[in-house]
Structures are given as structure tokens and as C-alpha cells.
Amino acid sequence: MDVKHMQTAGLWYGGYDFIVPGITSVPSMPVSAEHIRTLNKYEKAILLALERGMKKYAWVPLEQLKTLTKLSESEINYRLSRLIAWGMVRFNPVPYDGYSLVFGGYDTLALATLTHKGTISAIGSQIGEGKESVVHEALGLGPVAIKFHRVGGRSFSSARLNRDYMPEEGHCPWLMASRKSAEREFEALMTLHPMVSVPLPIAQNRHAVVMALINGPNLNRCRLEAPQEILEEILENVHNAYKAGVIHADLSEYNILIEDGRVVLIDWPQWIPTTHVNAGSIVGRDIDNILAFFQRKYQLEYNREEAVQWVIG
Ligand SMILES: Nc1ncnc2c1ncn2[C@@H]1O[C@H](COP(=O)(O)OP(=O)(O)O)[C@@H](O)[C@H]1O
Ligand SMILES: [Mg+2]
């Protein structure tokens, strides 16, 4: 790995430290790469036990952690206090002493697995944050992007703390929803690459997707010299995705990156198959979003029927 080169390229801001992205109400805390790689085996065992326990409990009881890890109560308490300080675990004393993973802990488990498999060797600074994700640049075989899905985390972060139990519908909705979202996105990327210009998919673990790093701004932040060409390139890609049976369903100028003058379509977790009952109106909405953007920003009038025919024809 040519670390010096990466550094001079200005890609790494915090040395080679892992940054464990924070959750809504806990500031992000840098954890050294060394620490994640050699995350104390007891700490890792506790995170894994919490992950398992949360299939059954919103707040995993201490007793359950003892059973799952076979560690002594004092060892567990000591390790938990460290995990809580690092923003990976939360404690809730009511109505019983319970512990729960938060996004920071789930991020750590995903990173530990991806590091162990050799997919990632370091994580750099945050390069994006959307409604439902945090994206970091990272070092794999080359520069990569790692997207941590964050679905349902906001309602979880504070409101749930004051409740006795999670509602019946699921013991840990944010964890399951975030993992599902990453799985769906990875599936779309695998289906579409390379027929459609999307980031090359590299790996997926838990709620994290590793993909090629795209070097370039979001479409909304560009000043295009040839807007019509770019619009047609977008429609061509939407058409190729449609041919592959996939509709983006959240297409907008924010989910298109421009790299070396070419478009790259990102952010696929909400894709739907072209066999979906509402496929027609959903692909129509995607097209409308794009046409409206070009109309607004470049006063480009493009025939809607023609665009729709291009995509689904
Ligand atoms: N592969 C990538 N390469 C470079 N930047 C990316 C990549 N994927 C996402 N980003 C950046 O992160 C932001 C959020 O990612 P996105 O996939 O759109 O998730 P969200 O659902 O949170 O909007 C994007 O707008 C973009 O700036
Ligand atoms: Mg987005």
C-alpha cells in the first residue's frame, strides 16, 4: 500500500486513524486503526453479544450478556464502561439495567469485519452525509467510499431512551432497517454495474456498503457547459437501469455525481423492480425530477413524452 502517495494526494486528514462516525446525539469519536484491528477480544465479544441479544431485546439485560459472553460481571461492567465512553453502546437503567448497541457500535462491528477480511485498511474523513447515511472515504485496494446506512436512527436516539420497552413491531428496527437498506443498495449496484454508470460495488457488511470512490461534485453543485448532453447521458443510464429491471425511485440532482465530465448515479437503496405495480408513475417521477432540475437551472425545455419513451421504450 502506497501510504505516502495517498497522503500527498491529500486524501487523509487525520493520519491513518479510524474515525467511528458518531450518532445523532453523541459526538463522533476517533478510534485508532490499531484499536479497531485489535479491538480487545472482550469488547468485541460484548458488541457481538449485544448484536445477537438485540434480536430479542431492545435493551439487553446484563444477565443475558453474561450468558452470551461467559465473562464475569466485573469484566463486563469494565468493558461496557469503555464501550459507552466511545459512543458504541448505551445504557438504560429503567425498568432494568439494559444495554444497547448504537450506530457507533454497529459501525465498529462492520469495520472490524471489513478490516479483518482485508477490504478496508484505514478510514479517512467524512465526505458526505445524506438523509439516511454517513459516507467516508477509506483505503482498500485503492481509494474507496464506505457508506454507513442510518435508517430510523433519529427517532431511536432520544425518544426511545425515555421509554420502558421498544414497541412490539421489532426489537431493533433501526438496526434491521439499516442493514436491509445496505443489502438492497449493494444488490442494485451488483445488478447494474457496469451497464449503468454506478460506483463499482466492492463489499457489504451489516449496514455498510464499500464501493469505488467517485471523484467529483454532486450535479446540483456543478455549472455545466453542455447541460443537454449531460441530461441525455442521465436518461440513457436511467434507460439502461430500466432494461436491467431496476428503477432508482429517488433520482434527483443530489444523487448524481459528475466525474471527469461523466455522470455517476448513486444512492440506490430504495430502488424498485420494473414489475412493481407503481413502476410507471415512479419512473415518471424520477424523470420529472431530472427534467425539472434542468429546466430550473439551465432553462432547458425537454419534451417529457420523449424522455419517458427514451427510458422505457
Ligand atoms: N461512491 C461515492 N463516492 C464519492 N462520494 C459519495 C459516494 N457515495 C456517496 N457519496 C457522497 O455522499 C453523499 C450521500 O450519499 P448518498 O448515497 O446519496 O446517501 P443518502 O441516502 O444519505 O443521500 C452523496 O451526496 C455524495 O456526496
Ligand atoms: Mg443521496
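Analyst: A residue is near a molecule or strand if its C-beta atom, placed from the backbone, lies within 6 Å of it. Please keep in mind that this is a predicted model, in which local features need pLDDT of at least 70 and side-chain atom pairs count only at pLDDT 80 or more, whereas totals for chains, interfaces and linings use all residues. Residues are numbered from 1 along each chain as its sequence is written, while chains are lettered from A and ligands numbered from 1 in the order in which they are written.

User: How many residues surround ligand 1, and which are the closest?

Analyst: Ligand 1 is surrounded by 18 residues, and the closest are G128, G130, S133, A145 and D267. To place them we use helices (DSSP runs of H or I, at least four residues) and strands (runs of E, at least two), numbered from the N terminus. Two or more shell residues come from each of β6 (122–130), β7 (133–139) and β8 (143–149), and β6 gives the largest share, three residues. Domain bounds come from an automatic or database domain assignment; domain 1 (3–212) and domain 2 (219–312) each supply at least three residues to this shell.

User: How do I read strand pairing, and which strands pair with β5?

Analyst: Two strands pair if DSSP finds at least two bridges between them. Strand β3 (residues 60–61) pairs with β5 in the antiparallel sense over two bridges, with V60 bridged to Y99. Strand β4 (residues 89–92) also pairs with β5 in the antiparallel sense, over four bridges, and here R90 stands opposite S100. A hairpin of five residues joins β4 to β5; P95 is found in that loop, and the peptide bond from V94 to P95 is cis, with omega near 0°.

User: Where is K70 found, and what is its phi?

Analyst: K70, in the loop between α4 (62–69) and α5 (73–85), has a positive phi of about 60° although it is not a glycine. K70 counts as exposed because 9 other C-beta atoms lie within 10 Å. R206, in the loop between β9 (201–205) and β10 (208–212), also has a positive phi, near 50°, but R206 is buried, with 20 other C-beta atoms within 10 Å.

Technical notes. A residue is buried if 20 or more other C-beta atoms lie within 10 Å of its own, exposed if 12 or fewer, and partly exposed in between; C-beta atoms are placed from the backbone.
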